[in-house]
Amino acid sequence: MLKSTFTPIFWVLTPKPKPPKLPSHAITNTFFTSSMPHVRHNAPVNPITPPPASSAYIHLPFCRKRCHYCDFPIVALGSTSALIDDDPRVSNYIHWLCREINATNVDQPDDANTITPLQTVYFGGGTPSLVPPRMVSSVLDTLRTKFGLREDVEISMEMDPGTFDAEKMRGMVVLGVNRAFREELLRACGRAHGLKEVHEAIDVVKLCEVENWSIDLIASLPHQTSDMWEESLRLAIEAQPTHVSVYDLQIEQGTKFGRLYSLGEFPMPSETQSAEFYKMASRMLSDANYNHYEISSYCKSGYECKHNFIYWKNKPFYGFGLCSASFVGGLRFSRPRKVNDYINFVQNLENGFVNSSVEGHIHGKDTVMDVVMLSLRTAQGIDLMSLQESFGSSIVLSLLEAYKTYFESGHVVCLDEYRRTVRIDDLNSFLNNTNAEGRVAYIRLSDPEGFLLSNELIAIAFGVIDSWKDMPPYQEAEAT
């Protein structure tokens with residue numbers, strides 16, 4: 001019975017990145033920080049031109065059926081969708097998707113002589129692995145022609161057990177897909193696959209010699225017990241993925257789970273049980289030599305997800321397809337959720353009738369909120385020097401004062417420039433400007449206790465920022 005609760009959700013098939021064969025000035029440094037696809041525009045004290053987007057999210061909305069917890073925009077093809085190659089719903093969507101890519105303005109500075117090639121491409125859904133390799137190839141060819149792809153580009157794809165075999169997997173790898181994701185108590189969650197398909201999918205990944213791949217796990221499912229969750233973690237570790245993501249089930253309004261269950265009420269685990277699930281994951285995965293580099297993400301050394309770093313560091317990215325969000329040129333913009341509306345959007349884009357600036361730049365307080373929120377989700381935490389350079393010293397001192405109680409409780413940790421823990425006495429000296437100037441370089445949430453309180457701790461930071469009266473002018477900044 002325990003094995004029936006093994007619930008991997010995403011897979012990541014990614015050969016370990018090789019050093020890019022590019023001029024030295026073009027090589028980017030993906031420093032250890034830590035996915036939120038919907039990010040806002042962040043900004044530095046002196047206005048600067050936002051860096052060009054070098055990543056793309058592609059939404060492939062097709063699924064065999066809608067899972068009980070899912071509120072994503074999808075197109076349910078039915079459980080007998082084996083002949084998807086001939087399904088006009090898929091080919092028609094790919095046609096309009098490629099048209100959108102071609103009609104999109106390339107994000108680059110006015111004085112740039114070359115287009116910045118994409119360093120990451122992420123196929124999300126939906127269940128993108130339902131789409132035949134030849135159609136994925138047409139999307140990649142369109143991206144390559146429009147933007148270019150770096151030689152070491154990371155190409156990720158969400159994949160579901162039961163939707164691909166060795167032939168399809170090899171076909172995706174030939175196209176350059178080097179990172180893939182998947183999906184869980186399986187039947188109880190409305191999943192279209194069972195445990196047998198999960199193990200078969202793992203076998204296929206290993207048969208195809210994909211070196212870097214990831215499993216995503218969902219905790220706090222209906223009727224889930226500690227023993228079941230421990231077994232899921234054990235089986236995931238035994239499968240030896242290079243990356244693991246761990247999420248708590250979110251119950252959304254309008255879903256079947258939203259009509260059946262309430263968080264914290266039977267048969268859902270209590271808040272205390274959910275916290276224990278999180279702590280168990282942190283302990284077991286850390287013991288298995290996985291680095292907990294973001295609140296929900298673990299990896300073997302050197303296998304952090306490049307694409308997710310774009311979100312976590314609040315860098316620009318393109319979005320293409322149904323309901324996808326983009327963050328380009330300092331603008332946030334989302335596409336329609338319904339297919340017919342999306343087709344109309346693409347037609348208007350081609351005819352020059354789409355004005356993505358209506359949602360506008362994000363200024364002031366929202367800017368610093370984004371930096372703080374995204375940074376606190378990572379093991380890197382907030383780089384206080386960078387924050388001070390972008391927004392002034394008062395916001396740094398205000399945050400340190402607001403978190404004093406949590407420094408003492410151990411939920412928030414102060415680090416010096418060498419990432420050594422700063423003692424409370426030294427922190428107080430820093431705040432009093434006595435003998436400790438420059439010692440506090442970072443603050444981060446502790447693992448796992450601080451991460452468990454992340455919503456509350458981020459809300460405290462938002463309160464500090466919201467009360468901030470001396471707001472600098474519009475700026476452009478990355479999360480640290």
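Which residue in β5 is the bridge partner of Tyr122? I looked it up: the partner is Ser156. The model is predicted, and I keep that in mind for every entry.

I stayed with β4, which covers residues 118–124. Is this strand buried or exposed? Seven of its seven residues are buried, so β4 is largely enclosed by the rest of the structure. The cut-off for buried is under 20% relative accessible area.

I then checked the pairing. β4 and β5 (residues 149–158) run parallel and are joined by five bridges. Strand β1 (residues 55–59) also pairs with β4 in the parallel sense, again over five bridges.

Next I traced an open sheet of four strands. Its order is β7-β8-β10-β9, and the pairing is mixed. The edge strands are β7 (214–219) and β9, each of which pairs on one side only.

How many bridges join β7 to β8? I counted six, and the two strands run parallel. Strand β8 spans residues 243–248. Within this pair, Ser214 stands opposite His243 of β8.

At the other end I looked at β9 (residues 291–294) and β10 (residues 297–299). These strands run antiparallel and share three bridges. A hairpin of two residues connects β9 to β10. Asn291 has Cys299 in β10 as its bridge partner.

**Entry: helices on that sheet**

I looked for helices against these strands. Helix α5 (residues 226–239) lies across β7 and β8 and runs at about 180° to β7. Helix α7 (residues 271–287) packs on the sheet as well, touching β7, β8, β9 and β10. The direction of α7 makes about 170° with that of β8.

How do α5 and α7 lie to each other, and at what angle do they cross? Their axes come within 10 Å and cross at roughly 30°. The two helices are therefore roughly parallel, since angles under 35 degrees count that way. The crossing of α5 past α7 is right-handed.

I listed the residues that meet. From α5 they are Ser226, Trp229, Glu230, Leu233, Arg234 and Ile237, and from α7 they are Phe277, Met280, Ala281, Met284 and Leu285. By class, this contact holds eight nonpolar, one polar and two charged residues.

I moved on along the chain. Helix α11 (residues 384–391) and helix α12 (residues 393–402) have axes that come within 7 Å and cross at roughly 135°. α11 and α12 are therefore oblique to each other. On the α11 side, Leu384, Leu387, Gln388 and Phe391 make the contact. On the α12 side, I noted Ser393, Ile395, Val396, Leu399 and Leu400. The contact of α11 with α12 has seven nonpolar and two polar residues, and no charged ones.

Helix α12 also meets helix α14 (residues 424–431). Their axes come within 11 Å and cross at roughly 140°. α12 and α14 are therefore oblique to each other. The crossing of α12 past α14 is left-handed. Here Leu397, Leu400 and Glu401 of α12 meet Leu427, Phe430 and Leu431 of α14. I sorted the contact of α12 with α14 by class: five nonpolar, no polar and one charged.

**Entry: the sheet with β14, β16 and β15**

Which strand order does the three-stranded open sheet have? I read β14-β16-β15, with antiparallel pairing. The edge strands are β14 (382–383) and β15 (412–415). β14 pairs with β16 (residues 442–445) over two bridges, in the antiparallel sense. Ile382 stands opposite Ile443 of β16.

**Entry: Tyr418**

Last, I looked up a loop residue. Tyr418 is found between β15 and α14. Is Tyr418 buried or exposed? Tyr418 is exposed, with a relative accessible area of 57%. I also checked Tyr418 against Tyr442: they are 24 residues apart in sequence, and 9.5 Å separates them in space, C-alpha to C-alpha.

Notes:
Residues are numbered from 1 along each chain as its sequence is written. This is a predicted model: local features need pLDDT of at least 70, side-chain atom pairs count only at pLDDT 80 or more; totals for chains, interfaces and linings use all residues. Side-chain values use heavy atoms; hydrogens and water are left out. Two strands pair if DSSP finds at least two bridges between them. Axes are lines fitted to C-alpha atoms, for helices over the stretch in contact, and angles run from 0 to 180 degrees between N-to-C directions. Angles under 35 degrees count as roughly parallel, over 145 as roughly antiparallel, 65 to 115 as roughly perpendicular and the rest as oblique. Contact means heavy atoms within 4.5 Å. Ala, Val, Leu, Ile, Met, Phe, Trp, Tyr, Cys and Pro count as nonpolar, Asp, Glu, Lys and Arg as charged, and the others, Gly among them, as polar. A crossing is left-handed if the near helix is turned anticlockwise from the far one by less than a right angle, and right-handed if clockwise. Buried means under 20% relative accessible area, exposed over 50%, partly exposed in between (1.4 Å probe, protein chains only).
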